[in-house]
Amino acid sequence: MNTLIIISVLPIVLLYLGLYKAQKALLPVTIVGMLVALGAAVMQWNDNAQPIYHGMMLFNNFSIAFSVVSIISTILILMLSKGYFEKISSHIAEYYAIILFSLVGIVVMVSYHNLTMLFVGIEIMSVSLYILAGIRKNDFASNESALKYFLMGAFSTGFLLFGITLIYGASGSFDLDGIRDYVLSHSHNIDPIFYTGVLLIIVGLCFKVGAAPFHFWTPDVYEGAPSLITAYMSTVVKAAGFAAFLRLFSASFSSIAAFWSPVLMVITIITLFIGNITALYQQSFKRMLAFSSISHAGYLMFAIVALGAASANAVFVYATAYSIASIIAFGALVLVRQQTGSDNVDGFNGLARKNPFLAFVLTVSMLSLAGIPLTAGFIGKFYMFSGALLQYKYIMVIVAVVNAIISIFYYFRVIIAMYFRSAERSEVLIPAYYKFVLGFSALVTIAIGVYPALISSLI
Amino acid sequence: MSTFYFIAFLSIFFSILVISAKSPVHSILYLILTFFTFTIHYILMNAQFLAIVNFIVYMGAILVLFLYTLMLINLNKDSEPVKPFMVKLAAVFGAGILMVALVSSLKLSGASAPVVLTNPNLGLVKNLGKVLFNEFLLPFEVSSVLLLSAMVGAVLLATKDPKEPKATI
């Protein structure tokens, strides 16, 4: 709870700093404030949390773990933003404030214990993201991305709300425990309205996490938004969306898994194929990352389809690995784009000769996204697949492995471009902040890959 | 009960007119009428607060805003894109499936005991306030963050930047 309060107050402080033209203090104050929030979250670890405020929030280990990952990823992305927002406009305090506001929504989303809080959390996060996607006001792609995201997001929220309403109509409760008790006590005569509600909630949440066939907004929105905002959307937001998804389904709907797991299984398989096969054809690195984020949503769905005691852990490891690797990829994209001016994969040609460090960390990130052993991505996939195999979902695992092989093709294209293609280019200047973030993320990726026990038994 | 059926008929009738009207302005006027019938529904269900909010905010503010926006942008018949047949078919198919699911589940659930409100006067402003400031205090407070974020964002998007943006970001 303290984390939530600190992150809510911090943007207001930032807005005041912006008012008094303290531009230099913005980033340090943000990072210090977030570190304090991080400390407050870690302090509550193993605290035997009970639902607080009439059962609205439950800040247990699951919430703390996902809050910590979200906060750390946000800090890393904000460090990359030094000197970035200044190029867009002079009102940079507002940008930091809105990013932090959306982080408030994310903390609510990972620690809700009542469907009203889930809705409020998702809305806080989404409204902030609609604005962030459109902050390049004079850029047509950015406008398009913001408008598209807004319309699609509002539409999907309608489905989510309708689902929540129907579930309330059947069970008479917004509380996760209340809904679970309803399902358990009426196991033979659950209202059909309840099932319809579950399906509508699946539609709404799949929209938010960008799983096929509700993924249509993802490529355009991710491509049009400024790169760092795309990094934020495809890492922190996606991880939080899956945390919220998993929390609802494991806390309330786990006893009717036979009803919804075939639906999610079909969604997972479609997501994997659409994400990976479309990514093969992309020439733009940013668009390729957008489609790869769709396919990663498919892998993350595994933990929900094969719901079990280890699901939370699997999502946590996978989301951490994916977030950190994506941050490297987007950081490298921002740097290369500043030099070449385009998002194309060809822009990476011959990068290894002039910038061995940048090429190396980007290689680590690509290997991790593809799931090659000794990187964090492999560990994430390992936990996902072993969870599915425990429940004898062989077909899904086979489909996923085929997709992992397809994905190697497009991830390796970047590595080949960097090491084996030559192009006339000058050295990309890497600021110290970028060096720290890229190096730290690569180190964490390898550390988790070599010694997964670091985070694999936390939740 | 007959009032309910009459008003429900009017709601459906006007909402069909909303999507079938040729001119967008007519469409919005029908939408206002549809929302007015919703207001009557809320009153019939003894939810007076919702009725007033629906009347003032949706009918009064938002739809008038809609109307102004429509008058500002140029919406001629020739500028309106013609949707391909397949898209129309897919939309009808999808919405039809949703309707079948909802209608069938509603029909089946009629037999089981509906959730009975413990307090039939729950929709009155007084009772709503009690619930909002007691049980649902936290969501109520946290929504302030939502409004603040939306406000900051609206100001940010609406202010003019003196600086020229650089192309390579």
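## Contact between the chains

In this predicted model, the contact draws 41 residues from chain A and 30 residues from chain B. On the side of chain A that touches chain B, at least two residues are supplied by each of α1 (2-19), α4 (92-110), α5 (115-133), α8 (192-209) and α13 (311-340) of chain A. The largest share of that side, 8 residues, belongs to α5(A). By class, the residues with which chain A touches chain B comprise 19 nonpolar, 15 polar and 7 charged.

## The largest nonpolar core

The largest nonpolar core holds 191 residues, and A:M109, A:V315 and A:Y318 are the ones that touch the most other members. Helix α13(A) contributes the largest share of this core, 19 residues. In soluble globular proteins, nonpolar side chains tend to be buried together.

The surroundings of A:Y318 can be described residue by residue. When its neighbours within four places in sequence are left aside, A:Y318 is in contact with A:Y299, A:L300, A:G380, A:Y383 and A:M384.

## Helix α15 of chain A

Helix α15 of chain A covers residues 356-370.

Helix α15(A) is mostly covered, with 11 of its 15 residues buried. The buried residues are A:L358, A:A359, A:V361, A:L362, A:V364, A:S365, A:M366, A:L367, A:S368, A:L369 and A:A370. In chain A, the buried residues of α15(A) pack against α12 (285-305), α13, α14 (351-354), α16 (376-390), α17 (394-420) and α18 (432-450). After α15(A) comes A:G371, which has a positive phi, near 85°.

## The domains of chain B

Chain B is divided into two parts: domain 1 (1-77) and domain 2 (121-154). Taken over C-alpha atoms, the centres of domain 1 of chain B and domain 2 of chain B are separated by 25 Å.

The two domains of chain B also touch: 6 residues of domain 1 are in contact with 5 residues of domain 2. On the side of domain 1 of chain B that touches domain 2 of chain B, 4 residues are nonpolar and 2 are polar, while no charged residues are present.

Definitions and conventions: Residues numbered from 1 in each chain as written. Chains lettered and ligands numbered in written order. Predicted model: local features only at pLDDT ≥ 70, side-chain atom pairs only at ≥ 80, totals over all residues. Contact = placed C-beta atoms within 7 Å. Helix = DSSP H or I, 4+ residues; strand = E, 2+ residues; numbered from the N terminus. Nonpolar A, V, L, I, M, F, W, Y, C, P; charged D, E, K, R; others polar. Core = buried A, V, L, I, M, F, W, Y, C linked by C-beta atoms within 7 Å. Buried ≥ 20, exposed ≤ 12 C-beta atoms within 10 Å, placed from the backbone. Domains from an automatic or database assignment. Expected span 1.5 Å × (residues − 1).
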